[in-house]
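User: Hi! I'm new to looking at protein models, and I'd like to walk through one with you. Here it is.

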Amino acid sequence: MRIYLSRPDITEKEIEAVCAVLRTPNLSLGPKVHEFEQVFANYIGRKRAVAVNSGTSGLFLCMLAMGIGPGDEVITTPFTFIATSNTIMMTGAKPLFVDIEPVSMNIDTSKIERKISKKTKAIMPVEVFGNPAGFDKICQIADKHKITIIEDSCEALGSALNGKKAGTFGKMSTFAFYPNKQMTTGEGGMILTNDDELADMCVSLRSQGRGKGGDWLAHVRLGYNFRLSDINCALGIVQLSRIDEIKAKRRQVAKWYQEMLSDDDRLIVPTESHGCDISWFVFVVRLAERFTHRQRDQILQEMNAKDIQVSNYFPPVHLQPFMAKRFGYKEGDFPVTESVCKSTIALPFYNNLTKDKVAIVCGTLKEILDKTGPVI
Ligand SMILES: Cc1ncc(COP(=O)(O)O)c(C=O)c1O
């Protein structure tokens, strides 16, 4: 019996909602897009939401709408999914990395200011694995230097810091709905902002650069087809209506892992720091420092061989070959990130993961650790 890293949680309600759209002629550009945007904007507490076909498209459009391009720099973290920095590069701007803080694994706020220059057009922080720790400090720094925050909230739907929701820290923010996320639309993303002009620009850019209320074949700027279909949006509306239930289920799974693993000194187990309400995206444990990178990789291999799907979230972004080649980044540039990346094990994590399966995962991991032994 394979235990998967992630599984979507689709009920009859979602299936009915999708089928209902299929019985209409409005498979795209129909009423479900607007409805999804409305309920999403209400849930996050922003004036406008713009649905797009992925988190990647959303982040890219945020930057285009703000006029970020060649010659500009955007400060971000090297400990994230590749799309964060890829979208910066897609605009022609340079991702300028700042190392992470080792507990939350978010960008280290004490290291941001020294990277700010005339070229800095924005900061793109990420709530890594759903953790909003440090976002209040990021806002203070951005305010002080009058720099815009574009928030990559792709992993943090439902998280909050001191009652302030993820997705409300930036002038613009983006969520993602790939099936491993808290909620899914199959593929999809959502841009959030309180700024009508920026939202209207994203609406135009996502649909071939059409003007507001303009003719279907009149194009006022270079645009894309980043639209999200009504089929996806119908799925998203039902998933979002279940977000409290989804958050609670994931919190329960995280709690089981914490109970079963926290007393093992070979592991660093994630917890919520003061003021943080984490909407758990994934559950990533880390090996204690005495374990080597090779041992971590071997443990991943053995877990997978035992039909427990685990992963190395994330390898350092700055050391991805194309990144290192383009910008000259090398080993040692971001030592905290590099050391964290060598120790992570993302465990199976999804809404309907049972306590019995969590126990199997933890038991198997401990058995493999017993066998791995100390480094000589
Ligand atoms: C931090 C982060 N940014 C961006 C994305 C991109 O989202 P998508 O896969 O929908 O393009 C993801 C998705 O996994 C992510 O985790």
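User: Which residues have the most contacts inside the largest nonpolar core?

Analyst: They are Tyr 257, Phe 283, Val 285, Ile 345, Leu 347 and Leu 365, in a core of 49 residues. A nonpolar core here is a set of buried Ala, Val, Leu, Ile, Met, Phe, Trp, Tyr and Cys residues joined through side-chain atoms within 4.5 Å. Buried means under 20% relative accessible area, exposed over 50%, and partly exposed in between (1.4 Å probe, protein chains only).

User: Thanks! Which helices and strands each supply at least two residues of this core?

Analyst: Helices H5 (135–145), H8 (243–261), H9 (293–305) and H12 (355–372) do, and so do strands S12 (283–287) and S13 (344–347). Helices (H or I, at least four residues) and strands (E, at least two) are DSSP runs, numbered from the N terminus.

User: And what is Phe 283 in contact with?

Analyst: Leaving aside neighbours within four places in sequence, its contacts include Tyr 257, Val 269, Ile 345 and Leu 347. Contact means heavy atoms within 4.5 Å. Apart from this core lies another, of 24 residues, with Leu 59, Phe 60, Ile 88 and Leu 205 among them.

User: Before we go on, where does the model come from?

Analyst: This is a predicted model: local features need pLDDT of at least 70, side-chain atom pairs count only at pLDDT 80 or more, and totals for chains, interfaces and linings use all residues. Residues are numbered from 1 along each chain as its sequence is written, and side-chain values use heavy atoms, with hydrogens and water left out.

User: New topic: how many residues surround the ligand?

Analyst: There are 15, and the closest are Gly 55, Thr 56, Asp 152, Glu 155 and Lys 181.

User: How far is the side chain of Thr 56 from the ligand?

Analyst: An N or O atom in that side chain is 2.5 Å from an oxygen atom of the ligand. At Gly 55, a backbone N or O atom lies 2.8 Å from a ligand oxygen.

User: Last one: is H4 mostly covered or mostly open?

Analyst: Mostly covered, as 6 of its 8 residues are buried. Those are Ala 83, Thr 84, Ser 85, Thr 87, Ile 88 and Met 89. Their cover includes H3, strand S2 (73–76) and helix H10 (321–327).

Terms used
Near = heavy atom within 4 Å. Polar contact = N/O pair within 3.5 Å; in protein donor to acceptor, adjacent residues only side chain to side chain.
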